[in-house]
Amino acid sequence: YQIRALSRAAGAVFDLSNVSNRAITPNGDGKNDFVIFTYDPGPDNAAVTGRVYDVMGGFIADMRAGLVPNTLVWDGRSNGRAISGGVYIYKIQGDGKIYTGTVVIAR
């Protein structure tokens, strides 16, 4: 037999392996139309928010809560309108921690 201890992080945790895909094609065909970010809210169930920016730092959109608990979703839109292809920066905040990375929109 083997006994293993599992220690859960003290706060919210996000990891790059928890991004569904980093290149999306939001054209409405049902394939790769959005990106899903999965996180662990930690034992205190920390509130987690996400925002998307262009490469110049301009605000593009807020992420919305996904259909699955502990997920954030971005559909490649800003104010309901499709945005142009390119590289975008995401910023996820929770429990005093900030996680950033990039997403590519391919048209």
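Buried residues make up 34% of the 107 residues in this protein. The model is a predicted one. Its accessible surface comes to about 6,900 Å². Carbon and sulfur atoms account for 53% of that surface.

**Overall build**

The protein has 11 strands and 0 helices. Read from the N terminus, the order is therefore β-β-β-β-β-β-β-β-β-β-β. Contacts also reach along the sequence. Take those between residues at least 6 apart: 54% of them join residues at least 24 apart.

**The loop between β2 and β3**

Strand β2 covers 23–24, and β3 covers 35–40. D33 sits in the loop between them. D29 is found in that loop between β2 and β3, and N32 lies in the loop between β2 and β3 as well.

Is D33 buried or exposed? D33 is buried, because its relative accessible area is 13%, under the 20% cut-off. D29 has a relative accessible area of 44%, so D29 counts as partly exposed. N32, at 43%, is partly exposed too.

The side chain of D33 reaches the backbone nitrogen of G28. The D33 side chain also reaches the backbone nitrogen of D29. The side chain of D29, in turn, reaches the backbone nitrogen of K31. The distances are set out here.

| Side chain | Backbone nitrogen | Distance |
|---|---|---|
| D33 | G28 | 3.3 Å |
| D33 | D29 | 3.3 Å |
| D29 | K31 | 2.9 Å |

What else does D33 touch, leaving aside its neighbours within four places in sequence? Its contacts are I24, T25, P26, N27, G28 and D75.

Most residues other than glycine have a negative phi. Which way does N32 go? N32 is not a glycine, yet its phi is positive, at about 55°. D95 is not a glycine either, and D95 has a positive phi of about 60°.

Where is D95? D95 lies in the loop between β10 and β11. Strand β10 spans 86–94, and β11 spans 97–105. D95 is partly exposed, because its relative accessibility is 43%, which falls between the cut-offs of 20% and 50%.

**Aromatic pairs**

How many aromatic pairs are there? The count comes to 3. One of them joins Y53 and F59. Their ring centres lie 6.1 Å apart. Y53 is buried, with a relative accessible area of 17%. F59 is partly exposed, with a relative accessible area of 41%.

**A nonpolar patch on the surface**

V55, M56, V87 and V104 form a nonpolar patch on the surface. Together these residues have about 390 Å² of accessible area. V55 is placed in the loop between β4 and β5. Strand β4 runs over 48–54, and β5 runs over 59–62. Is V55 buried or exposed? V55 is exposed, because its relative accessible area is 55%, over the 50% cut-off.

Notes
Residues numbered from 1 in each chain as written. Predicted model: local features only at pLDDT ≥ 70, side-chain atom pairs only at ≥ 80, totals over all residues. Heavy atoms only, no water. Helix = DSSP H or I, 4+ residues; strand = E, 2+ residues; numbered from the N terminus. Buried < 20%, exposed > 50% of the residue type's maximum accessible area, 1.4 Å probe, protein only. Contact = heavy atoms within 4.5 Å. Areas by Shrake-Rupley, 256 points an atom, 1.4 Å probe, with all protein chains shown as cover. Phe/Tyr/Trp six-rings, centres within 6.5 Å; stacked < 30°, edge-to-face > 60°. Polar contact = N/O pair within 3.5 Å; in protein donor to acceptor, adjacent residues only side chain to side chain. Patch = residues over 30% accessible without salt bridge, like charges linked within 9 Å, V, L, I, M, F, W, Y side chains within 5 Å. Salt bridge = Lys/Arg side-chain N within 4 Å of Asp/Glu carboxyl O.
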